[in-house]
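Please look over the model shown below.

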Amino acid sequence: MNVNQHTPMAPPYGQPQPSYGQPGYGQPTYAPLDSGYPAPYTPHNGPASAYHPGIPPQGYSSFTSFPSKAMAANPISDPSSPLDLGPARGPPTSGPTPVQAASQYNQHSSGDMQNGPPPATQAPPRPPASLQYNPGGVNMSAQQPSFPQHYGPPPTMHQVTNQMTGMHISSGPPTPAGPGYAPPPSSQPPTSHYSAPPQPSYSQSHPPASSAPSQLPPSSAPAGSQQYYPSSAPPSQQPISSLPPTSQQRFVSPGQPQHTFPPSSTSYAGPAPPPTQPASTPVTQTQPPFLPHQPPFSSAPGGQPPAFTTGPPPPAQGSFPPQAPPPSSQPGSFPPPSSVSSGQYPSSMPPPQQPPQSQPPTYHPGPPPPQAQMPPTSIGQSNHQPPGPQGPPSPTGPLQQPPLQQGMQTGYPPQHNGAFGQPRSPQPGYGGPYQGQPNYGAPAPTPQAQKRLDPDAIPSPQASDMPPVQKSRHRIDPDAIPSPIQVIEDDKAKTTEPFTTGVRGQAPPLVTTNFQVKDQGNASPRFVRCTAYNMPCTADMAKQSQVPLAAVIKPLAILPPDETPPYLVDHGEGGPIRCNRCKAYMCPYMQFIEGGRRFQCSFCSCVTEVPPHYFQHLDHTGRRVDCYDRPELSLGSYEFLATVDYCKNNKIPQPPAYIFLIDVSYNAVKSGLVSIICQELKSLLDHLPRENPEMDSVIRVGFVTYNKVLHFYNVKSSLAQPQMLVVSDVSDMFVPLLDGFLVNVNESRQVIESLLDQIPEMFADTRETETVFGPVIQAGLEALKAADCAGKLFVFHTSLPIAEAPGKLKNREDKKLIGTDKEKSLFQPQAGFYNNLAKECVTQGCCVDLFLFPNQYVDVATLGVVPVSTGGSIYKYTYFQAESDQERFLNDLRRDVQKPVGFDAVMRVRTSTGIRATDFFGSFFMNNTTDVELAGLDCDKAITVEFKHDDKLSEETGALMQCAVLYTSCSGQRRLRIHNMAVNCCSQLADLYRNCETDTIINFLSKYAFRGVLNNPTKAVRDTLVNQCAQILACYRKNCASPSSAGQLILPECMKLLPVYLNCVLKSDVLLPGADVSLDDRAYLRQLISCMDVAETHVFFYPRLLPLVKLESGALPVAVRDSEERLSKGGVYLLETGLHLFLWVGASVQQELLLNIFGTPSFGQIDSSMTSLPVLENPISQRLREIIDSFRAQRSRYMKLILVKQEDRAELMFKHFLVEDKSASGGASYVDFLCHMHKEIRQLLS
């Protein structure tokens, strides 16, 4: 398995996804942003032979074999993709254009190509990557989506003017970059087919357009500029793909063959060609289904804000009517995209005639007719296609581009006014965002008001052609840009079967989807997730793409009840079977030879003798006869019982110990904390971790209290009362007793309970305010050394340790340093003392969990060094108040004490030849470059591993990764947990981009950035993130997407959410703090995120916002996007961040709902200080409390409920988590950032 699983997600399976490559879907043409690229280009990763941005690859068949989630985009609608959809079509004729079957523009249906997790709606399973798309004829006969294609004559007027001027988002398939771009064999890129009905096939047989990236309309602002488009972004799915695929076709002047573009990229294109030219109407595809996902955007050139034109917004968005898009001339709100694309041609030229939308497209099994084919995905793209031969494109040949218009450059044709088609005056409903949408973000770069595109700069479709909703918009509609919610819901809808891990390089469902895993040889995604499931074959290709190659590994993750935990294998005294050279453990990838007497290692190719006791005959396929009886030969994850050779000092380990160290200074006693802890421990000690629920835990416990001095307690079972021993010389810490300090809970229960009753009384009148901290950890460490065992320290601490002692700290909080080059020093520990102490703790297997209760600065950056280095956790309760914070603290403490944990752990990641693990992120300590040492490793901790090439990889063998964790279980047993993962390798960039997982990429980038603030100014760290993201997307645009206008923003299907999620990271408190965020909060979050898994970082950066509607139905309501625009005064919303739960109550909520939830009919009578809901006997109250409990059960930390009434003071904190809006600290809105990202990409491409 390839270690570098971070390759972008390939189609979930190595093979083309079923709905991607197939004819008929072949190319859903819409180019919804969200959807993905048109299949053919969509995630196609393979390197194009020559990347010519402007030139379509020759001989690239749009649908050829790119299997990919991205396929979801309907190629057809993606005019921007330059891919050929089919055989070249001649100039448009009056006959209908052959269209791919109308694919519904359900965002995903056709191609399920979306990047990242497939959209929930996409029901079709992803075809295996290997499937190949038939290039030649798309099967036109396949049923087409019903959405209208915008193939028919495009409404000229509508040129996609309203597509952002200049800015197109297209998800169409990636077009071949250049002539060298050959379609991958048989695997089609996933198109972003949305569930929309299959797209009409253009008679082209190109790879599915979906592979093209979703394209946003080009932003009018110069790429370099940072302006963002003001309007809000539409939901992602809508973004580009919403255009009907056909509509995205370009218009070609009559007689000019239209170029077919693969739908692959989602592209937002400029205005459609003038009505006079028939827009290529999408054939009968009905647009609405896909519409929602793919509005194309086009921005006016010149930096006006791009308008995203999209097909009708997804119905859910409401901006557009959900109905089918208008006639082909413009599906939904776009002018037919194709016509837009054809923008290359002057609008005066009529686009080739296409059948009206209403007609079903004709499908020609053979090459498409000469009519210009638009790549489904991007409208604008067509317009930017490099000039192609004048004749119709040949179906499989390189995409034909429409003939160049005069003056057009090859490569991306210039856009008129940033729109396609001739420049025209803005059409009334065309240019702007959906009506009713508030403008998002900053003004576009255009001179015009930020929120509007310059209407004059954007050619607009005729008003009559636009759906009413569209009329008179000139802003980027938030519903026209990729929507995280749409992608999440599409993925849920698509995931109906259990996920089986037997197919190499198959991307799993998203972390937001509930699915069952069946282990068939690769580790479950609950244990290992990769950034890319198609790794580049060479280091040069990896460097060119800039896609991080990493895996997020959660070795001891808890599996759901319906999945089997890893089996424990005991090979006896000989221990596990391993490779002689690289020491890899026996796994399903090992090849048995010579009748089973030897095996060849798949990591290093060394041949090793099989021990006699392990010998077994081979069957006719060369596999061992007992392969399915042995977990290590058939499963991706399992455990070996380790022998004494794997133990420290070759001695079987003692059972671990838990030591509780309680701060009894004035602050801790006064707040009630000490009595709360002592009361809870009486019952909690009965729930220490154990292997067998029937048996008592073998973990021993000990107790220490401290302020400026330390108090040890002898709780030996033979004593009538506990004894206290005080150590006042904290500069030379030692443990004053051995016998009686660490005891068995059941044997000493009475003495322990007596102690816990007495501690609060003993210190009730204390006046000591100073504390020590370093000696406290030293005391626990010395106790574990004396007992010769590993264990965990639970430290409950309240204040900065200023008393004279080792590890004494000073208050260094200096707000003046924030934003300066010296800010990084605030994240670094004050003293080297704690680094040295951490190293000693790791050596002993002493893990530290720190519970902080500060009322002022405590220097979390320094106090957290030991917990973070030992694999421990930090919990922080600022301004702790017993009545409001007790529930959260006690739930965290219970879970922390009870959860499964391994001690004295060492993790090593082995990889097959060609790549190696080079960097690690998480809570651990490293003494060398290969071994990750963890004094403690619990079920919540994840380690992110980055891989780099040290040689070439081969597509045949793929890349392999084996993570082995040696640890001591809570029962004192030494074990090895093994996780194996194999990923595909690719020589084409499009394949890389087809099989990435955006959530995992964001997990890696956030950890990389948060570690970066230790040594770099935060602005430099933010700039690095933006630059890397721009390089990832620019490489895709240059090498994988159809040639199109620079005004279009084209995003890979599986990465269409990369900009929105990256913006959330950039706006986080660590990188861009608000005035009210303390240094301690930032250091706490930085350390917390370093060990989060993918599901936790996802909800942390993009919180879940649920409208509480129809709760009686029992189903969980569908979330809405994180924007204030989505809140209704008459609604109640639940927002989950993974650390907080907010219940937002609108000022106009109906009395009945208030009575059901709060027991009061009046908004004014709701107590905003409540932290738990009243228990009322009605279905709504019961269901809401069930939802809150289920959310809490999914997270590793207890989320306190915070009630927020509209217009209340607490609303500022709530709005901080509405991450698609501008932040109070200066963070950009999603729409603005997307425009800025587009400028950065254009700068890189120019």
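How far is the sulfur of Cys579 from the closest cysteine sulfur, and in which residue does that closest sulfur lie? The distance is 3.5 Å, to the sulfur of Cys604, which is too far for a bond, because a disulfide is counted as a pair of cysteine sulfur atoms within 2.5 Å. The structure holds 0 disulfides.

This is a predicted model, in which local features need pLDDT of at least 70 and side-chain atom pairs count only at pLDDT 80 or more, whereas totals for chains, interfaces and linings use all residues. Residues are numbered from 1 along each chain as its sequence is written, and side-chain values use heavy atoms, with hydrogens and water left out.

**Burial and overall make-up**

Of the 1246 residues of the protein, 70% count as buried, where buried means under 20% relative accessible area, exposed over 50% and partly exposed in between, with a 1.4 Å probe and protein chains only.

| Residue | Relative accessible area | Class and source |
|---|---|---|
| Cys530 | 0% | buried |
| Cys579 | 1% | buried |
| Gly1159 | 43% | partly exposed |

The secondary structure comes to 25 helices and 40 strands; helices (H or I, at least four residues) and strands (E, at least two) are DSSP runs, numbered from the N terminus. Among contacts between residues at least 6 apart in sequence, 86% join residues at least 24 apart, contact meaning heavy atoms within 4.5 Å.

E17 is joined by 3 bridges to the antiparallel strand E18 (residues 598-600), and Gln591 has Gln600 in E18 as its bridge partner.

A second open sheet has 4 strands in the order E13-E15-E33-E30, and its pairing is antiparallel. Its edge strands are E13 (528-530) and E30 (915-921), each of which pairs on one side only, and the twist averages 25° from one strand to the next. Strand E15 (residues 550-553) and strand E33 (residues 943-949) pair in the antiparallel sense over 4 bridges, with Ile943 in E33 as the bridge partner of Ile553. Helix H17 packs on this sheet, touching E13, E15, E30 and E33, and its direction makes about 60° with that of E30.

**The helix pair H17 and H19**

Helix H17 (residues 998-1012) packs with helix H19 (residues 1058-1066) at an angle of about 25°, the axes being 10 Å apart. That makes H17 roughly parallel to H19, since angles under 35 degrees count as roughly parallel, over 145 as roughly antiparallel, 65 to 115 as roughly perpendicular and the rest as oblique.

**The loop at Gly1159**

Gly1159 lies in the loop between helix H22 (1151-1158) and helix H23 (1179-1194). Gly1159 and Pro1174 are 15 residues apart in sequence and 7.4 Å apart in space, C-alpha to C-alpha. Leaving aside neighbours within four places in sequence, Gly1159 is in contact with Leu1154 and Leu1176.

Methods
Pairing = 2+ DSSP bridges. Axes fitted to C-alpha atoms, helices over the stretch in contact; angles between N-to-C directions.
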